[in-house]
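The entries follow in the order in which I looked things up.

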Amino acid sequence: MRSLIEGLRAGLPIAAGYLPSAIAFGIVATEAGLNSLWATGVSAVIFAGASQFALAGLLAAGASVPVTAAALLFINLRHALYGPSLAPRLRGLGRKRAATISFGLTDEVFALASRGPTDGQRFSFLWIAGLELTAYASWVGGTWIGAYGGSAVAQTAPSLSAALGFALPALFIALLISLLKGAGRGALVAAAVAAAVATGFHLAEMSNTGILAAAVLGPATALAAGRLRG
Amino acid sequence: MNLALLGLLVVVGLGTYLMRALPLLTALRREQPRERQQRTITDEALSLIGPSVIAALLVTSLLPAPQEEGFWSALALAIVAAVPAYMVARRTGSLGLTVIAGVACYWLLTLAATLP
């Protein structure tokens, strides 16, 4: 039980970052023609922010269902790398539990799970389940608030809403520093290359493809550099 | 429209779940580490995905949208707000404190920018 509570608490920084984005998605989805129930249902079923915003945009543009589905699945393709990366920490979990926590493997959950608990807690099913529950509740709850509350919610405290959007970059700063501390040169090279690749793709307005490319090219470059050094 | 949307949700929801679950389940079925003498190149590559993805997510979340009006001022705001977040992260290693420091600084800067 303590692991579950620690996991729930560990997810709070993610929840802080998710809330404004989820509210924004609720608003955007209803403006794209979804009713509030469908908008909330999209968050509950897909639970992947980037592809959900793309869904709203494609629906508004009148894209066909097959095109929309293919685009969304491509955007989420990078999630396929997260499980194998976390697998060494999840050995002994059992297939059912692994299948259960797979649902919540979003970018941010993966990022935080990559570091794992730091307070002496074991990386357990309950810890990661708690982490995902907090993230999921804030995402679905925020969508519901945005969908039913509309833009009035965002206008209540616009500067605070904008500031909460900085929670995710701050979280990533903390996680990256934590992962790189004591890590070898390979991790530094991988992170630097990944950042450069992601920057290039972002400036080309292909951020989602850039994250996937960074996830592949970062490790590949680091491994190649390590082999060249001998 | 509802039937088509339902179908879309099922396909994308199920597809996203399978993309997350199947590679994990496959990786868990691989040979246990203690049965191998040394890390394979696959193990090394997988261990580097975490820092790579987080670095990419950081950059993508910090940079404003390229076509956004006021790109450079938004970028400057994000970079300045990132400084206290970085300092708190280096000093404390606390996720919560880092997030609070970054959000608070960003909020203060945003409020200051609206002052006459």
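I began with the surface of chain B, whose accessible area comes to about 6,500 Å², with 67% of it belonging to carbon and sulfur atoms. The model is predicted.

Next I looked up the secondary structure. Chain B has four helices and zero strands, and from the N terminus its elements run α-α-α-α. The radius of gyration of chain B is 21 Å, well over the 13 Å from the globule rule for 116 residues, so the chain is more spread out than a compact globule. I noted the box filled by the C-alpha atoms of chain B as roughly 65 × 50 × 25 Å along the principal axes. Of the 116 residues in chain B, 42% are buried. Among contacts in chain B with a separation of 6 or more, 26% join residues 24 or more positions apart.

I then checked for a nonpolar patch. One of about 570 Å² is made by Leu3(B), Leu6(B), Val10(B), Leu14(B), Leu18(B) and Leu22(B). I looked at Leu6(B) in particular: it sits in helix H1 (residues 2-28) of chain B. Leu6(B) has a relative accessible area of 43%, so I logged it as partly exposed.

- One salt bridge is counted between chain B and chain A. Glu44(B) pairs with Arg227(A), with the closest N and O atoms 3.5 Å apart. The pair crosses from helix H2 (residues 41-62) of chain B to helix H14 (residues 207-229) of chain A. I logged Glu44(B) as partly exposed at 26% relative accessibility, and Arg227(A) as partly exposed at 46%.
- Arg9(A) bridges to Glu6(A) at 3.1 Å between the closest N and O atoms. Both lie in helix H1 (residues 2-10) of chain A, three residues apart, about one turn of the helix. Arg9(A) is exposed at 52%, whereas Glu6(A) is buried at 12%.
- Asp107(A) and Arg78(A) meet at 2.7 Å, N to O. Asp107(A) lies in helix H8 (residues 107-115) and Arg78(A) in the loop between helix H5 (65-75) and helix H6 (82-90) of chain A, so the pair ties together parts 29 residues apart in sequence. I noted both Asp107(A) and Arg78(A) as buried.

Note on methods:
Residues numbered from 1 in each chain as written. Chains lettered and ligands numbered in written order. Predicted model: local features only at pLDDT ≥ 70, side-chain atom pairs only at ≥ 80, totals over all residues. Heavy atoms only, no water. Patch = residues over 30% accessible without salt bridge, like charges linked within 9 Å, V, L, I, M, F, W, Y side chains within 5 Å. Areas by Shrake-Rupley, 256 points an atom, 1.4 Å probe, with all protein chains shown as cover. Salt bridge = Lys/Arg side-chain N within 4 Å of Asp/Glu carboxyl O. Helix = DSSP H or I, 4+ residues; strand = E, 2+ residues; numbered from the N terminus. Buried < 20%, exposed > 50% of the residue type's maximum accessible area, 1.4 Å probe, protein only. Rg over C-alpha atoms; globule rule 2.2 N^0.38 Å. Contact = heavy atoms within 4.5 Å.
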